[in-house]
Amino acid sequence: MKKRWFAGLLTLSAITLVGCSSGDKAESDKAVATTSEGNITESQLYDQMKETAGTTALQQLILTTVLEGQVKDKDNLKEKAKADVAGQIEQYGGEDSFNSLLAQSGYANKDAYEKSVYLNNLVSEVVESKVDLSDKAVEAYYKDWQPDITVDHILVDDEDTAKDIIKQLDDGADFAELASKYSTDTATKDNGGEIGPFGKGEMDAGFEEAAHGLEKVGDITPEPVQSSYGYHVIKLVDKPEKGALDDVRDELEKDMKNEKLNDTAFVQDTIAQLVKDSDVKIKDSDLESVLDNFKTSEEQQEDSDTNSGDATTDDANTNSDDSDSDKNTDSDSNSDSDTNSDENSDK
């Protein structure tokens with residue numbers, strides 16, 4: 001149910017380019033493999049990897065290098081990445097199962113995946129450090145802020161089933177029993193359908209609005225709530241009172257950070273600006289386009305407007321050409337008509 005903020009931003013390959021120079025190949029081009037028919041050199045390997053995965057690999061290396069310069073303790077983030085991966089290996093039943101899953105996801109091996117997790121940790125820490133947590137910003141956020149709430153829900157595929165569940169609940173049926181019987185959310189159905197605590201921006205918008213709209217513990221949505229997952233019946237389990245600003249400031253700041261981490265434009269703009277400030281220069285002309293992906297949302301919009309303008313101009317030129325063609329056709333037709341008229345006159 002919870003949204004993931006990273007999916008659209010960092011679709012990065014787990015492959016890392018070999019760090020060799022393409023300069024003086026004759027003197028420094030070492031063999032990485034030998035055969036009876038000839039050797040495979042570092043430059044050959046570099047060129048091959050550059051062609052197949054150079055852009056994504058270089059993006060990952062640039063991001064990692066730039067972001068490491070923005071954090072205080074990169075070693076701690078590396079250890080956290082190792083711990084996260086170790087926990088996932090245990091969760092999936094050992095390294096064999098985990099490696100099989102990695103292969104299906106396009107990662108070369110565990111180390112490559114661990115580098116990706118480490119990069120995500122870097123992005124999280126840097127983006128959080130750029131969130132405005134001034135008194136003025138926190139006070140403005142507090143006005144519309146609500147504490148995290150907890151709900152039970154039953155998720156089904158169609159609206160009629162959801163309506164029938166609401167009717168059964170109105171007639172006194174037990175919510176947990178109906179969740180176990182009907183809910184398609186396998187992660188919660190055997191736990192009474194419980195979700196939470198969760199705050200603003202963490203859930204599907206329709207679901208979140210309906211859940212926060214419930215006022216008293218035990219209240220149930222009177223109509224099915226549609227989301228991108230299906231139809232929900234939602235019951236309010238816990239809705240704490242809104243405390244004084246000073247008492248909840250830590251929670252406010254945490255929510256403000258999470259909200260920005262879920263804001264794709266904010267993340268994109270933060271990363272793009274850092275890359276720009278780092279004065280990155282691409283020395284390999286074949287990989288110059290790698291920086292095209294590091295643009296702010298404003299720059300992306302400008303590119304979109306420019307492309308749209310070019311398309312409009314092309315369409316106008318095409319229409320103009322068509323119009324000229326029509327005129328020529330009409331002229332030819334009139335010419336033919338005049339000729340036919342002269343012939344008839346002669347006859």
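Student: How many salt bridges does the structure hold?

Tutor: A salt bridge requires a side-chain nitrogen of Lys or Arg within 4 Å of a carboxyl oxygen of Asp or Glu. In this predicted model, the structure holds 13 salt bridges. One of them joins lysine 50 to aspartate 286, with the closest N and O atoms 2.8 Å apart.

Student: Which parts does the pair of lysine 50 and aspartate 286 tie together?

Tutor: Lysine 50 belongs to helix α2 (residues 42-68), while aspartate 286 sits in the loop between α11 (264-277) and α12 (297-346), so the pair ties together parts that are 236 residues apart in sequence. The two residues also belong to a network of salt bridges that links Asp47, Lys50, Asp284 and Asp286.

Student: Is lysine 50 buried or exposed?

Tutor: Buried means under 20% relative accessible area, and exposed means over 50%. Lysine 50 has a relative accessibility of 14%, so it counts as buried. Aspartate 286, in contrast, has a relative accessible area of 56% and is therefore exposed.

Student: With which residues does arginine 249 form salt bridges?

Tutor: One partner is aspartate 135, at 2.9 Å from N to O. Arginine 249 lies in helix α10 and aspartate 135 in helix α6 (residues 135-144), so this pair ties together parts that are 114 residues apart in sequence. Another partner is glutamate 253, where the closest N and O atoms are 3.0 Å apart. Arginine 249 and glutamate 253 are both in helix α10, 4 residues apart, which means that about one helical turn separates them. As for accessibility, arginine 249 is partly exposed at 21%, and aspartate 135 is partly exposed at 49%.

Student: Which residues form the negative surface patch?

Tutor: A patch takes in residues with over 30% relative accessible area and no salt bridge. Here the negative patch consists of Asp157, Asp158, Asp160 and Asp164. Aspartate 164 is placed in helix α7 (residues 159-170), and its relative accessible area of 34% makes it partly exposed.

Notes:
Residues numbered from 1 in each chain as written. Predicted model: local features only at pLDDT ≥ 70, side-chain atom pairs only at ≥ 80, totals over all residues. Heavy atoms only, no water. Patch = residues over 30% accessible without salt bridge, like charges linked within 9 Å, V, L, I, M, F, W, Y side chains within 5 Å. Areas by Shrake-Rupley, 256 points an atom, 1.4 Å probe, with all protein chains shown as cover. Lys, Arg positive; Asp, Glu negative; His and termini not counted. Charge placed at Lys NZ, Arg CZ, Asp CG, Glu CD. Helix = DSSP H or I, 4+ residues; strand = E, 2+ residues; numbered from the N terminus. Buried < 20%, exposed > 50% of the residue type's maximum accessible area, 1.4 Å probe, protein only.
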